[in-house]
Amino acid sequence: NYQKHMVEAIKELLKNKRLMQLLLWFALLGVMGKIYFFTYNPYLELVNIPYSEVGIIFFAINIFAFITSRYAFQIQQKLNCVGFGFAFLLQGTTMLIQASFTHYLSGWLLGLQGITRGYISTVTEPYLNKEIESKKRATMLSFYSTLFSLLQVLGFLITSPLSGDITTLIMVLGVTAILLAFLSRKV
């Protein structure tokens, strides 16, 4: 049955290019965020943030996510698009600053990821629900989950050789995010 559902989902995607774009870009943004998430610990150790302050940084991430999710639809209206370019640009700029200035204060910039998290996690479901027929929603969301998981595995495999040099990894992620911001700006 799983294979049948996957084939059905792929056929649906081939009929709906907008849905295909949304699934791909949401998945890519999620993968970038996930890989970036796993750089927190090594980066905070690199810039010597005391463990007593790590909780405050995670608190900041959640506060930024809360505030951004509260105003996500107003932000989306102002952007007049989904906002992938905005999200990738914010992520990429933050990463490039952190890679260029590996300093105690740059570690606090991790809190800004809450802005992307709060925004995207709020607008994802309404966008997908608008594009997916209700009778095919479970199949398409299952396919999205599978796509996201496969892209995560690929992303971690590709970036694993850089995991020993956290600054280079963050630089590569930042440049990739800026490139994705440019490519996704019209979605």
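Predicted model: local features only at pLDDT ≥ 70, side-chain atom pairs only at ≥ 80, totals over all residues.

Biologist: Is F26 buried or exposed?

Modeller: Burial is judged from relative accessibility, with under 20% as the cut-off for buried. F26 has a relative accessibility of 2%, and therefore counts as buried.

Biologist: Which residues is F26 in contact with, leaving aside its neighbours within four places in sequence?

Modeller: Those contacts are V82, F84, I120, V123, T124, Y127, L128 and Y144. As for F148, it lies 122 residues from F26 along the chain, and the two C-alpha atoms are separated by 8.4 Å.

Biologist: Which residues touch the most other members of the largest nonpolar core?

Modeller: That core has 50 residues, and the ones touching the most other members are L22, L23, F26, F84 and F88. Several helices each supply at least two residues of this core, among them helix 1 (2-15), helix 4 (51-70) and helix 9 (137-159), while helix 2 gives the most, with 11 residues.

Biologist: How do helix 2 and helix 10 run relative to each other?

Modeller: The direction is read from the angle between the axes, where over 145 degrees counts as roughly antiparallel. The axes of helix 2 (residues 17-37) and helix 10 (residues 166-184) cross at roughly 165 degrees and come within 11 Å, so the two helices are roughly antiparallel to each other. The crossing is left-handed.

Biologist: Which residues meet where helix 2 contacts helix 10?

Modeller: From helix 2, W25, M32, I35 and Y36 meet L173, T176, A177, L180, L183 and S184 in helix 10. These residues divide into 8 nonpolar, 2 polar and no charged.

Key:
Residues numbered from 1 in each chain as written. Heavy atoms only, no water. Axes fitted to C-alpha atoms, helices over the stretch in contact; angles between N-to-C directions. Helix = DSSP H or I, 4+ residues; strand = E, 2+ residues; numbered from the N terminus. Parallel < 35°, antiparallel > 145°, perpendicular 65-115°, else oblique. Left-handed = near helix turned anticlockwise from the far one by under 90°. Contact = heavy atoms within 4.5 Å. Nonpolar A, V, L, I, M, F, W, Y, C, P; charged D, E, K, R; others polar. Core = buried A, V, L, I, M, F, W, Y, C linked by side-chain atoms within 4.5 Å. Buried < 20%, exposed > 50% of the residue type's maximum accessible area, 1.4 Å probe, protein only.
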